[in-house]
Amino acid sequence: MQTLDRDGWMTRLRSWFPDREFFMRSQGQVRFIRVSSRVQIAAAAIGGIIVLAWLAMMIAIIAVQFASTGQRSALLEREAKVTSAETRVSAYRKDIDHLAADLERRQAFIEQVVKSELGDLPAPAAGDTASERPVETAKPAARISASFPSASGLAVIEQRQLAFAEQLTRLADSRAAGAEASIRRLGLNPRLMLAKMNDRSAQGGPLLGAANDLDTRFQRLGLSLARMGALQDGLAAVPHNLPASLEYISSGFGYRRDPFTDAPAFHAGLDFRGPIGAPIYAAAKGTVSFAGIRQGYGNCLEITHGNGVVTRYAHMSAFRARIGQVVGAGDTIGAIGSSGRSTGPHLHFEVRINDQAVNPRPFLEGNQNVFAKAGGRALASRS
């Protein structure tokens, strides 16, 4: 694009506004009036400035009117909110006793539901101060009632809720302790399961239901429930379900006479005798981490349960699960066979912790019905 200098602009303007001549006839005389380009350009500029000034003034007037309308609307909205709030406060003041009674009924319903589902909540033991708040932050109902008689009913409900939260906390702590004891009896470390609860890598999401602004007793309840949940989830992933519904175990864990060499040899699992094609079940929830052939094991499937625990199922005739599949306790994962180093159809079952074989029997006995399902005498006598 060609850029015009000052002389170029003046030439273009003169082309738009050329010199013009006008003639007027009056009383037989003719007069000529000449209007030069410069005069026309000056007149056009003055007219443009006047138009722009008028437009600017109109825009300013409209803006002022719009702002005034918005301010008035906001003022009316604030007045409406204040009126509504005052009405609600007035209604609460007039009917605070009814509100307290309604909250009392709700609290009684919650406590009844919890009692029917969980039983009696534990009472505080002698010297138990774990859930007590500092004295300076306590708000006894009697003190509030003395200062605000109209709120005495609400103060009583508040104290009742805090006591209820303490009872739930003790229940969660009790169940967490039970799960921890069960985990230790199986030779596992509960800290590994709690470490997963404290692992904050690869986490995120919107902040919903944060308890930072709640009473400290409710915050402690949330932490106790999280600890209980982590331990119970970890315990649920421990092998406890019989891998096969069979009459007896044909070989136990430990040293035995090898069926091929007759020499003493270590047996790393339990052998469940059964017909070819009989179903094999997952001993606990987990993820299938291997499905293929292993030397000596034949067709073999492994399930990773977390915390270093893996179960192994060998000599299978068929696979019913694939690598990466998430399975639950009792899900069918394969069929009994006699592949690999085997003298007849059976399931070889192992429990491995950090790749070390351990006796599966304590895990399976964690199931209340394990003896009934497996013919308990055989399970108890063959180890």
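Two strands pair if DSSP finds at least two bridges between them. I also kept to DSSP runs for naming: helices are H or I runs of at least four residues, strands are E runs of at least two, and both are numbered from the N terminus.

**Entry 1: ground rules**

I am working from a predicted model, where local features need pLDDT of at least 70, side-chain atom pairs count only at pLDDT 80 or more, and totals for chains, interfaces and linings use all residues. Residues are numbered from 1 along each chain as its sequence is written, and side-chain values use heavy atoms, with hydrogens and water left out.

**Entry 2: the whole chain**

I found 10 helices and 15 strands in the chain. Of its 383 residues, 30% count as buried; buried means under 20% relative accessible area, exposed over 50%, and partly exposed in between, with a 1.4 Å probe and protein chains only. I then looked up contacts, meaning heavy atoms within 4.5 Å. Among contacts in the chain with a separation of 6 or more, 63% are between residues 24 or more positions apart.

**Entry 3: strand 8 and its partners**

I started with strand 8 (residues 286-294), which pairs with strand 12 (residues 326-327) in the antiparallel sense over 2 bridges. Threonine 287 faces valine 326 of strand 12 there. The hairpin of strand 8 and strand 9 leaves 3 residues between the strands, and glycine 296 takes a positive phi near 85° in it.

**Entry 4: the cores**

Which residues have the most contacts inside the largest nonpolar core? I got Phe272, Tyr313 and Ile333, in a core of 37 residues. Such a core is a set of buried Ala, Val, Leu, Ile, Met, Phe, Trp, Tyr and Cys residues joined through side-chain atoms within 4.5 Å. The elements that each supply at least two residues of this core include helix 5 (152-185), helix 7, strand 6 (270-273), strand 10 (309-314) and strand 14 (346-353). A second, separate core has 7 residues, including Phe164, Leu168, Leu171 and Leu221. In soluble globular proteins, nonpolar side chains tend to be buried together.

I also listed what isoleucine 333 touches beyond four places in sequence: among them are Ile280, Leu301, Ile303, Tyr313, Phe319 and Val327.

Helix 7 (residues 216-236) has 21 residues and reaches 30 Å from first C-alpha to last, close to the 30 Å expected at 1.5 Å a residue. The expected span is 1.5 Å times one less than the number of residues. Its buried residues are Arg217, Leu221, Ser224, Met228, Ala230, Leu231 and Gly234.

For helix 5, I picked alanine 176, which lies in it. Alanine 176 counts as buried at 1% relative accessibility. Leaving aside neighbours within four places in sequence, alanine 176 is in contact with Arg227, Met228 and Leu231. Its C-alpha and that of alanine 226, 50 residues apart along the chain, are separated by 9.6 Å.

**Entry 5: aromatic pairs**

How many aromatic pairs does the structure hold? I got 3. Rings of Phe, Tyr and Trp (its six-membered ring) pair if their centres lie within 6.5 Å; planes under 30 degrees apart count as stacked, over 60 as edge-to-face and the rest as tilted.

Tyrosine 255 and phenylalanine 266 are edge-to-face, at 5.5 Å centre to centre and 70° between the planes. Tyrosine 255 is exposed, with a relative accessible area of 68%, while phenylalanine 266 is partly exposed at 46%. Ring pairs link these two and Phe253 into a cluster.

Tyrosine 313 and phenylalanine 349 are tilted, at 5.4 Å and 50°. Tyrosine 313 sits in strand 10 and phenylalanine 349 in strand 14, 36 residues apart. Buried or exposed, I wondered, is tyrosine 313? Tyrosine 313 is buried at 0% relative accessibility, and phenylalanine 349 is buried at 0% as well.

**Entry 6: strands 4 and 5**

Last stop: strand 4 and strand 5 pair in the antiparallel sense over 4 bridges. Arginine 257 has proline 264 as its bridge partner in strand 5. Their hairpin has 6 residues between the strands, and aspartate 262 in the turn has a positive phi of about 65°.
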